[in-house]
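The notes after it are grouped by topic.

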Amino acid sequence: MTLPRRRFDTLIIGAGGAGLNAALQLAGSGLRVAVVSKVFPTRSHTVAAQGGVNAALANVLPDTWHWHMFDTVKGSDYLGDQDAIEFMCREAIPTVYDLEHMGVPFSRLDSGKIYQRAFGGQSQDFGGPQAARTCAAADRTGHAILHALYQQNIRARTHFFDEYFAIDLLRDDEGAVLGALVLEIESGEPLLIEAKTTLIATGGCGQVFRTTSNARINTGDGMAMALRAGIPLQDMEFFQFHPTGIAGKGKLITEGVRGEGGYLINGEGERFMERYAPNARDLAGRDVVARAIVTEIMEGRGCGINKDYVLLRVDHLGEELIASRLPGIRESARIFAGIDPVLEPIPVFPTAHYSMGGIPTDRFGRVVAPAGEGAEEVVPGLYAAGECACASVHGANRLGGNSLLDILVFGRAAGKDIVEYIKENPHHRPMSEASLDQALSRLLYWAQTEKKPSGKGKAKPAKVTSVRELREEFRKVMEDHAGVFRTHKTLSEGVKLLKSIRKQLAGIHLKDHSKVFNVARIEALELENMIDVGMAIATSALGRKESRGAHSRPDFAARDDRQWMKHSLYFKEKDRLEYKPVRSKPMTVKSFPPMERTY
Amino acid sequence: MSREAGSRERPGAEAGERLRWQCRRGMLELDLLLESFLERDYPSLSDPEKRDFTRLLEMQDPQLHDWIMGDKSPDDPAFSPLILALRETLGQP
Ligand SMILES: Cc1cc2nc3c(=O)[nH]c(=O)nc-3n(C[C@H](O)[C@H](O)[C@H](O)COP(=O)(O)OP(=O)(O)OC[C@H]3O[C@@H](n4cnc5c(N)ncnc54)[C@H](O)[C@@H]3O)c2cc1C
């Protein structure tokens, strides 16, 4: 069989906000651009973002990009790179105006200017009064942005490969990236896409946790592709959890419910938040509430037969208030939990929401990695942007509304830099057949009817026999051992269990060997990716012996700037960790020194 | 210009797998409901209902979400019973 090959100037893997905004920059410069997406582009996860996108437009209250920068640095618990943060906050303003010109229907003030909402973590004057910085298109900002970008790309003749699944990157001996091997899901046929530059924009990986607010497609594919290509992942221990997801389902229940007087109770009917945060109680910070819930459950005070969730009570608020102030909550609880919250409390558990870590990049979207023993270098021809990347603007925690901003700003920055790169490197490099063989072998692996133990990773006789079963076991291990509550004990046990799961996967084979629309095969490839990413999260979390931002270790409860003001880098080879310094020097302004983070 | 897949009819298991992939959406809510529906409710639908479901999957995510949450009702009457069933699919014992 000869493998079909296509050539483009640029290959973009992922058609969410990051990928599409990059593609648009490129198409405008006359380059040939291929965008590959495993689902139809407007079904990318960006569609789910409702809240909005931050920019210091100062339309509602006074604001400057410098205040936005301060809030972002503080929110990151000082782990964000201040040059990248300055760049993002400055770029936010033209970025939102660009979207406006593209026709994104932002909600407006009577004056005709874009309306801006107040979100948590936004301040005026470097930590002063509340700011209003979030621009929204009603409650469907993500959809409006994605839709506008998609239409613009169609007009610009971007070439879309819809329902193609990227398998692996191709890299030559000098480390340059040459494109990727992809699979057409419909026909089951592989295709080699050769490109002078490749941008990974595959989004998040929330599916690695059992309870998540992320769609099923968020399996961290691009992150795992980078790992397999020898590139590390940065700051993977930082994962944001939202305290109230519907138990067993993950769907978010907004903070507004507690804002309106809803409160949490444990299996003994106790309002336990009073013990953890005597003043703020149920309105304490997200991480505080999430940790309290998990602690209650771990100490045996959960609800239900398995005592594995707590309850969110709103019934005391009355039907009328629920209908007027919390529309949608009643329907959500009814549809997803099968209960009516006017009569019964809602079962909840913290839900995995956002990955702050990812593929390390500079502020031009170029992937950077340590070269041997030396300093970090740019990986030639490789870019990353969006939730799969780590620029790093969110550091140890992300502020609401900063993620849509991140994907747009760095998607565009990557697009611009790619244009320059191709000017200097106008030719395709020769394909590395060795790298291609390796990528193909991953595909062939799942076509075998029986697994032959390959290489040193000896297949373990599988306890579970299906990909689905193993996936559920894996996600539970991640939740129990590397989720909200993490100590040396839970994490080291978790890493051991993950290693065993990795071996079990090698013992599973698929029953369905048809080529056409073989979803089981895609799910197997996704599980492989999830396990690689899960290992990165657990290993990095075990390594970081402090608490910072979203990473909280009761066994190392304080932030330790002396030892830990540094980024983690996890390498798949030998599950190794390295560290690199935080870039605390901004582009033009003075650095914000670490302070205690109080709100 | 749309290149949305899933509109072509194909018989057999292959069609089932194709539908399964069309149930992968950008919102967790839709994933949960569509996946459950496909597994427990879809097999007992009549052929015309199955075709309606395939058509329903071509709708945009926020549109489907609004219909299911009851914020708006679908203009195509053939979708109404499917939306009702989707609303119930997780609540069933
Ligand atoms: C419920 C929810 C609400 C949110 N609300 C907000 C908000 O209000 N404001 C905010 O700033 N942020 C919000 N976020 C976060 C934000 O939506 C995401 O971080 C952001 O949309 C990610 O965009 P992206 O372009 O990086 O990736 P995505 O939009 O996730 O796109 C990823 C793309 O990669 C493709 N892909 C993945 N793997 C492969 C593969 N193997 N082969 C081919 N293609 C592949 C997918 O098909 C998709 O096209 C929210 C997140 C959630 C879960």
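How many nonpolar, polar and charged residues does the shell around the ligand have? The shell has 17 nonpolar, 23 polar and three charged residues, where Ala, Val, Leu, Ile, Met, Phe, Trp, Tyr, Cys and Pro count as nonpolar, Asp, Glu, Lys and Arg as charged, and the others, Gly among them, as polar.

This is a predicted model, in which local features need pLDDT of at least 70, side-chain atom pairs count only at pLDDT 80 or more, and totals for chains, interfaces and linings use all residues. Residues are numbered from 1 along each chain as its sequence is written, while chains are lettered from A and ligands numbered from 1 in the order in which they are written.

**Ligand shell**
- The ligand is surrounded by 43 residues, each with its C-beta atom, placed from the backbone, within 6 Å of it.
- The closest are Gly14(A), Gly16(A), Gly51(A), Gly203(A) and Gly386(A).
- Elements of chain A that each supply at least two shell residues include α1 (17-27), β2 (33-37) and β14 (346-355); helices (H or I, at least four residues) and strands (E, at least two) are DSSP runs, numbered from the N terminus.
- With four residues, α11(A) gives the most to this shell.

**Helices α3 and α11 of chain A**
- The axes of α3 (residues 82-102) and α11 (residues 402-424) of chain A come within 10 Å and cross at roughly 85°; axes are lines fitted to C-alpha atoms, for helices over the stretch in contact, and angles run from 0 to 180 degrees between N-to-C directions.
- α3(A) is therefore roughly perpendicular to α11(A), a term for angles of 65 to 115 degrees.
- Met88(A), Glu91(A), Ala92(A) and Thr95(A) of α3(A) make the contact with Leu405(A), Asp406(A), Leu408(A) and Val409(A) of α11(A); residues are in contact if their C-beta atoms, placed from the backbone, lie within 7 Å.
- Five nonpolar, one polar and two charged residues form this contact.

**Helix α4 of chain A**
- Eleven of the 15 residues of α4(A) are buried, meaning that 20 or more other C-beta atoms lie within 10 Å of their own, with C-beta atoms placed from the backbone.
- Among the buried residues are His143(A), His147(A) and Asn153(A).
- Their cover includes α1, β3 (53-54), α3 and α11 of chain A, together with α4 (61-69) of chain B.
- Just after α4(A), Arg157(A) has a positive phi of about 65°.

**Chain A with chain B**
- The contact takes 33 residues from chain A and 25 residues from chain B.
- On the chain A side, α10(A) gives the largest share, four residues.
- The residues of that side divide into 14 nonpolar, ten polar and nine charged.

Methods: Parallel < 35°, antiparallel > 145°, perpendicular 65-115°, else oblique. Contact = placed C-beta atoms within 7 Å. Buried ≥ 20, exposed ≤ 12 C-beta atoms within 10 Å, placed from the backbone.
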